[in-house]
Each structure stands twice: as C-alpha cells, then as structure tokens.
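Here is a short briefing on one protein chain. Keep the sequence and the 3D view side by side as you read.

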Amino acid sequence: QVQLVESGGGLVQAGDSLRLSCQGSRRTALASVMAWFRLAPGKEREFVAQIAWNSGVAIMGDSVKGRFTISNDNDKNAVYLQMTSLKPEDTGLYYCAAGAGGRETAAYRFWGQGTQVTVSS
C-alpha cells in the first residue's frame, strides 16, 4: 500500500504562486507515474500534470501549460507542483495520485486526501 500526503495549499490572490508537495510513504513498482489532479465545485476531476518516476518526463494539462511545473525527488519519494500566475479558475482541491499514468483517474490506484487551493480575484 502506498500512502500519499499532500501539502502546500492555501488562499492566494490571482497572479500569486504556490508550491504543492506530495509525500509518498514509499516508492513502488506499482506506480510508475505520479500525477496531480484537481476537483473544482460542480466539475469533474481534472488532470493537471504527471511525471514518470524514472525518466522524469512530464506531461502538463492544457489549462496549466506554461504556468505550472511538476517535478519529483526520487530520494525523498516526493512530487511537487509549482504553480505560478494563478487564476481564480485554478481554485480546487488538488490531489496527488500514483499509478500507471495518463489523463484518466482510473489509471491511478493510489490517491491522497487532497489540499485546497483557493485563488481570489
């Protein structure tokens, strides 16, 4: 079993930056990819970004390209999401996930509890 704990969320103003962290209890061969998703009120869970543990190859969601960056630290079993130029539409509960990769939630077996990001205009 892999436990994921997110941190770093908060209330910020539009244009601000935040850095989210996801700490994994252990790295596992079952999870070759780590990802961030977000859930806004009234919307479905949205793919934000993913990164492959070994290669470090990252894929960003269309709505965050050029503003967010995903990175990982294999030694610490941690994944980060650096968010810049935040917009009110970035508001949501941000989840860390571990799994096989892709933009679909079904591809991820392990999920954290989420960290809330609220961006005021």
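Buried residues account for 45% of the 121 residues in the protein chain. The model is predicted. The chain has zero helices and 11 strands.

**Overall build**
- Along the principal axes, the C-alpha atoms fill a box of roughly 40 × 30 × 25 Å.
- Take the contacts between residues at least 6 apart in sequence: 55% of them join residues at least 24 apart.
- The chain exposes about 6200 Å², and carbon and sulfur atoms supply 47% of that area.

- Four strands make an open, antiparallel sheet in the order 1-3-8-7.
- Strand 1 (4-7) and strand 7 are the edges; each has a single partner strand, so one side of each has no neighbour in the sheet.
- On average, neighbouring strands of this sheet are turned by 15° against each other, direction ignored.
- Strand 7 runs antiparallel to strand 8 (residues 78-83), and six bridges join the two.
- Ser 71 stands opposite Tyr 80 in strand 8.

**Arg 67**
- Arg 67 sits in the loop between strand 6 (58-60) and strand 7 (68-73).
- Arg 67 counts as buried because its relative accessibility is 11%, and the cut-off is under 20%.
- The Arg 67 side chain reaches the backbone oxygen of Ser 85 at 3.0 Å.
- Leaving aside residues up to four places away in sequence, Arg 67 touches Gln 82, Met 83, Thr 84, Ser 85, Leu 86, Lys 87 and Asp 90.

Notes: Residues are numbered from 1 along each chain as its sequence is written. This is a predicted model: local features need pLDDT of at least 70, side-chain atom pairs count only at pLDDT 80 or more; totals for chains, interfaces and linings use all residues. Side-chain values use heavy atoms; hydrogens and water are left out. Buried means under 20% relative accessible area, exposed over 50%, partly exposed in between (1.4 Å probe, protein chains only). A polar contact is a pair of N or O atoms within 3.5 Å; within protein, one must be able to donate a hydrogen and the other to accept it, and residues adjacent in sequence count only if both atoms are side-chain atoms. Contact means heavy atoms within 4.5 Å. Two strands pair if DSSP finds at least two bridges between them. Axes are lines fitted to C-alpha atoms, for helices over the stretch in contact, and angles run from 0 to 180 degrees between N-to-C directions. Accessible areas come from the Shrake-Rupley method with a 1.4 Å probe; for residues, only the protein chains shown count as cover.
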